[in-house]
Amino acid sequence: MKSLPSKAILILLLLPVALFLLRALPPAKITQEHQSQFDVHEFSALPVLMNGRIKPLDTIARNSLLALHGKSKLKLPAGPDGKRPPALTPQAWFMDVLMRAEVADQYPLFLVENVELQELLTADQEKAPGKYYSFIEVSRQQSEYVPVAEQASELDATQRSPYQRAVVRLYRNVQHYYQLKNSICSEGSEQFSRELASLEKSFLLEDKELKKTIYTQFTNYFGFVEQRAKLYLIPDETNTSWQTSGQAGKRALAEKNIHPTLMLWAQLRDAYRHTAPEAFQSYLGQYQTFLEQTDGPALYSPTRIKTEVLFNRISPFSRAMEIYVYLFLLLLIFWLSGKPPLYRVTHLLFLFAVILHTTGLIARIYLQGRPPVTNLYSSAIFVGWGCILLSLPLERMMKSGIGYAVGAILGFSTLLIAYHLSFDGDTMEMMQAVLDSNFWLATHVIVITLGYSAMFVAGILGIIYIVRTLTATEQAKQDAKALTTLTFGVVCFALLFSFTGTVLGGIWADQSWGRFWGWDPKENGALMIVIWNAVILHARLAGMIRDRGLALCAIGGNIITAFSWFGVNMLGVGLHSYGFMDRAFWWLIGFTLSQLVIILFGYFWGLHKSSLDHTS
Amino acid sequence: MGIYQTQEIYFQSWVIGIPLPGTDFRIPLLPGGHLVSTVLLINLITGFFARFSWKVKKWGLMLIHLGILVLLAGQMACEITSVESRMTIREGESINYSENLRQVELAIIETSPNDPNARLDNVYCITEHRLEDRGSITLPSLSDGAEISVTVLDWLPHSNPVNRKSVTTPPYPGIQGAGQFVQVTPLPPVTAMDAIDMPSAWIEVFVDGNSQGTWLVSRAIGMPQSFRVGDKVYHIGLRPERYYKPYTIKLLDFTHEQYAGSDIPKNFNSRIQLTDPALAEKRLVDIYMNHPLRYRGETFFQAGYADRDTTTILQVVQNSFWQIPYLSCALVSLGMIHQFLLNFLKFIQRNRSQA
């Protein structure tokens with residue numbers, strides 16, 4: 001290493017970063033035999049309405065695959081020749097779901113983790129129980145699991161057994177999938193565009209009896225589609241709303257005029273089914289032209305759709321996570337080896353991560369048209385962002401990489417939490433009516449969330465204090481002193497933010513419910529943080545705790561914050577429980593235990609050290 | 001245990017105790033929310049004299065603590081005095097009372113159907129607390145009314161009414177009304193979040209000293225039961241406790257908006273007409289998410305809906321101390337600004353002296 005100039009080291013270290021970022025820029029290559037002939041990416045950029053939000057098909061494809069399959073790619077089993085085909089990207093998979101359902105039905109899509117349910121699904125088959133099941137395999141056992149699911153659905157979510165939960169989950173996933181694949185037309189239609197063409201011809205028919213028969217058939221058909229379709233595919237420029245293909249079909253019957261986009265969707269589907277890439281490309285072009293020519297902005301915002309596709313592709317938060325890991329490893333090497341050029345690289349890397357994290361956050365604000373925190377997922381992202389912002393001044397004061405380490409650890413952990421929360425579906429879902437107030441979302445929620453950030457920063461500083469005081473060198477003592485000052489400062493900051501945030505929350509509650517305080521679990525959680533901070537400050541100022549005590553109390557703050565953030569949502573009661581989940585319960589318990597262990601260890605190590613000091 | 005019970009036991013109490021079996025005595029175990037707050041309050045107040053120094057430098061800190069003191073005191077006062085109730089209104093219906101779902105009252109309504117001059121009914125109500133104590137209750141007689149008294153024979157805080165099997169003998173002689181066909185079995189009080197108790201009582205009613213029989217009244221029996229004495233007809237029933245208002249609220253329209261292509265609620269809106277003859281008020285008000293109506297010291301907010309979006313449920317919160325948090329907020333903010341300015345000045349001075 002010594003022979004290398006520091007610039008060379010710098011380049012060597014930044015190279016892998018540049019490489020993995022570049023990886024994200026071009027769209028992923030489609031290697032499937034069938035799909036590779038089509039412009040999957042242009043198709044995925046088409047806007048549709050689902051669950052109240054207009055989004056590109058790309059987003060629906062990604063979210064659906066993640067929700068149903070638990071992974072961002074779908075691995076296919078080996079073919080008869082023993083060769084494994086390449087894994088399907090969400091976009092390629094989704095094209096099959098929409099337009100070649102009979103093929104998609106065979107993909108091992110549905111993730112089933114519950115062993116009991118796995119056994120049920122493989123009861124009368126030769127297949128050994130596994131984690132993934134195709135729609136066909138699941139349908140064979142429909143009569144077995146559907147009654148269980150319907151029964152369990154009546155129960156309160158908290159009262160279901162693990163088996164019931166798994167069954168309900170599968171039931172809902174199958175339903176979701178079924179609605180998706182019936183979105184353009186009934187999955188069984190061989191050539192939907194031809195059927196539509198015959199309908200168009202019948203508009204001109206003279207024979208009233210025949211006309212009536214055809215109409216009745218189509219009315220039933222569109223009624224069937226309307227009941228099932230999940231996607232609102234058809235942009236209706238006349239009253240700037242979106243319709244399902246079933247609704248559009250019914251309207252076509254009433255107005256004796258088939259909407260051009262309904263026909264185009266049918267033609268796209270048929271071209272895809274019958275492997276006609278040129279025809280597909282031409283219909284896609286026609287559809288895009290139609291969207292451009294109609295009053296786009298009233299129906300949807302083309303720039304938003306484009307931004308969302310780009311945002312999905314780059315996935316800034318996943319990239320930032322990778323950088324945080326890399327950064328932390330570099331810091332470890334730096335501390336062990338003490339090479340200054342390494343430290344210089346961390347400046348750049350950290351700046352880079354901050355830019356990525358911030359860009360992602362801003363992109364979400366733009367796409368959603370909302371303040372940054374609207375649900376549990378976005379709160380995780382924002383807590384992480386607050387942590388990295390706080391760690392910048394820390395690094396300026398410590399100048400030894402500790403601030404960056406704090407930022408990297410917390411940035412990574414919060415983004416990891418966010419990633420796991422994203423399995424539930426669209427992370428930019430529409431707001432429940434009760435939360436629909438941009439003013440309070442931008443004030444109360446932001447301030448409270450920054451309070452969480454500060455709590456976690458103080459907590460990790462406490463842990464670093466414990467680690468740093470394991471040795472008793474002069475440098476370690478200096479660092480410990482500095483750490484104490486910083487922890488105290490951050491605790492003050494946390495108190496300020498959580499107190500202000502809680503009071504703002506009370507005022508919001510008074511404005512909308514007529515009472516400032518209602519002992520709601522989320523309110524209690526926020527109050528616990530405020531009280532804990534106040535206790536730490538008063539204990540410190542009154543001399544009840546010293547440096548080590550402050551560090552231990554700050555670590556205790558981690559537990560309280562984690563509980564206030566996630567624990568109260570698990571209780572599933574109260575006006576604030578907008579994000580119920582049980583998956584994370586054991587993680588929370590584990591986290592709490594780990595923090596307790598650190599506190600106990602730190603406490604006894606302190607006792608041990610002071611007894612050493614006394615004897616020497 | 002539901003939020004409501006938890007609040008009552010742990011926060012809105014002075015002492016948390018466990019009952020000594022067989023007696024009404026509770027062994028005090030932990031201090032309740034009110035006691036803790038009171039001790040905190042006393043500590044804060046005495047702190048002002050014992051610990052704080054009155055220098056300008058410390059004013060910021062003092063203001064912050066004064067703000068917290070005000071907040072605590074205000075919240076305690078609010079918790080002790082505030083009353084929550086509900087108004088359930090169908091579209092087109094006018095209502096002049098709200099109901100407390102957690103408490104019932106025994107209502108006795110005296111009507112004179114044959115008297116063309118009688119324009120108003122006499123309504124007598126006995127609160128749940130009084131019914132719990134059992135025993136005999138004589139109602140204050142009104143000028144044109146009879147003297148009515150009620151003897152509470154049995155009180156069941158939560159019960160399950162079922163049809164009486166013919167083999168079981170009635171618990172009391174001379175049973176009238178629903179009690180002839182229905183029997184009630186006591187149940188432990190409910191704890192689930194949205195569940196409510198179904199209290200029942202066996203009562204004997206006297207009009208002008210004459211017994212009118214023994215009656216079973218229960219919240220589970222929706223319709224009032226009636227009997228006639230002379231030309232007067234009496235209706236009796238156990239109903240959620242009512243708070244009558246000097247004004248009426250008429251629901252003109254209830255709307256439940258959803259986001260396009262989803263069942264995620266976007267907004268709930270109750271368009272009501274408020275009519276207050278005493279204050280000559282008559283106006284249209286929209287009550288919707290985050291936009292409650294404040295009127296005569298009460299806040300009405302959109303809490304729910306029923307009957308396929310044709311009935312609105314408004315929560316009514318009476319809270320005379322709602323301004324306190326704002327005051328305390330202002331105090332704490334002032335204190336923080338003071339503290340910040342002081343530190344900022346110090347910082348600038350230090351920088352200058354260094355330069």
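Where does T169(B) lie in chain B?

1. **T169(B).** This is a predicted model. T169(B) sits in the loop between β8 (159–163) and β9 (175–176) of chain B. T169(B) is exposed, and its relative accessible area is 65%. T169(B) and D231(B) are 62 residues apart along the chain, and their C-alpha atoms are separated by 33 Å.

2. **G297(B).** Another loop of chain B, between β17 (293–295) and β18 (298–306), holds G297(B). G297(B) is partly exposed, with a relative accessible area of 44%. Which residues does G297(B) touch, leaving aside those up to four places away in sequence? They are V317(B), Q318(B) and N319(B). S320(B) is 23 residues from G297(B) in sequence, yet the two are 6.1 Å apart in space, C-alpha to C-alpha.

3. **Chain A as a whole.** Now turn to chain A. Its secondary structure comes to 25 helices and six strands. The C-alpha trace of chain A spans about 110 × 70 × 55 Å along its principal axes. Of the 616 residues in chain A, 55% are buried. Look also at the contacts in chain A between residues at least 6 apart in sequence: 73% of them join residues at least 24 apart.

4. **Helix α8.** Helix α8 of chain A covers residues 142–154. Its 13 residues should span 18 Å at 1.5 Å a residue, and the end C-alpha atoms are 18 Å apart, so the two values agree. Which residues of α8(A) are buried? They are Y145(A), V146(A), A149(A) and A152(A). These residues cover an arc of only 135 degrees around the axis, so they lie on the same side of α8(A). That buried set packs against α6 (115–121), α7 (135–140) and α9 (162–181) of chain A. The face turned away from the buried side of α8(A) carries the exposed residues S143(A), Q151(A) and E154(A).

5. **Helix α13.** Helix α13 of chain A runs over residues 260–273. It has 14 residues and reaches 20 Å from first C-alpha to last, close to the 20 Å expected at 1.5 Å a residue. Is α13(A) largely enclosed or largely open? It is largely enclosed by the rest of the structure, because 13 of its 14 residues are buried. T275(A) follows α13(A) and has a positive phi, near 45 degrees.

6. **Helix α14.** Helix α14 of chain A covers residues 277–293. Its 17 residues should span 24 Å at 1.5 Å a residue, and its end C-alpha atoms are 24 Å apart, which agrees. The buried residues of α14(A) are P277(A), F280(A), L284(A), Y287(A), F290(A) and L291(A). Why do they count as one side of α14(A)? They cover an arc of only 140 degrees around the axis, which puts them on the same side. Exposed residues E278(A), E292(A) and Q293(A) are carried on the face turned away from the buried side of α14(A).

7. **α16 against α18.** Two packed helices are described by the angle between their axes and the distance between the axes. The axes of α16 (residues 302–314) and α18 (residues 340–368) of chain A come within 10 Å and cross at roughly 145 degrees. This crossing of α16(A) and α18(A) is left-handed. From α16(A), T303(A), R304(A), T307(A), E308(A) and F311(A) meet G360(A), A363(A), R364(A), Y366(A) and L367(A) of α18(A). The contact residues divide into four nonpolar, three polar and three charged.

8. **α18 against α19.** Helix α18(A) also packs with α19 (residues 376–398) of chain A, at an angle of about 145 degrees and with the axes 11 Å apart. The crossing of α18(A) and α19(A) is left-handed. Residues of α18(A) in this contact include Y343(A), F350(A) and R364(A), and those of α19(A) include Y377(A), W385(A) and E395(A). The contact of α18(A) with α19(A) has 10 nonpolar, five polar and two charged residues.

9. **α17 against α20.** Helices α17 (residues 316–337) and α20 (residues 402–421) of chain A pack at about 145 degrees, their axes 9 Å apart. α17(A) passes α20(A) in a left-handed crossing. Among the contact residues are F317(A), F328(A) and W335(A) of α17(A), and I402(A), F412(A) and L416(A) of α20(A). How many residues of the contact of α17(A) with α20(A) are charged? None are charged, while 17 are nonpolar and two are polar.

Conventions
Residues numbered from 1 in each chain as written. Chains lettered and ligands numbered in written order. Predicted model: local features only at pLDDT ≥ 70, side-chain atom pairs only at ≥ 80, totals over all residues. Heavy atoms only, no water. Helix = DSSP H or I, 4+ residues; strand = E, 2+ residues; numbered from the N terminus. Expected span 1.5 Å × (residues − 1). Buried < 20%, exposed > 50% of the residue type's maximum accessible area, 1.4 Å probe, protein only. Arc of directions from axis to C-beta. Axes fitted to C-alpha atoms, helices over the stretch in contact; angles between N-to-C directions. Left-handed = near helix turned anticlockwise from the far one by under 90°. Contact = heavy atoms within 4.5 Å. Nonpolar A, V, L, I, M, F, W, Y, C, P; charged D, E, K, R; others polar.
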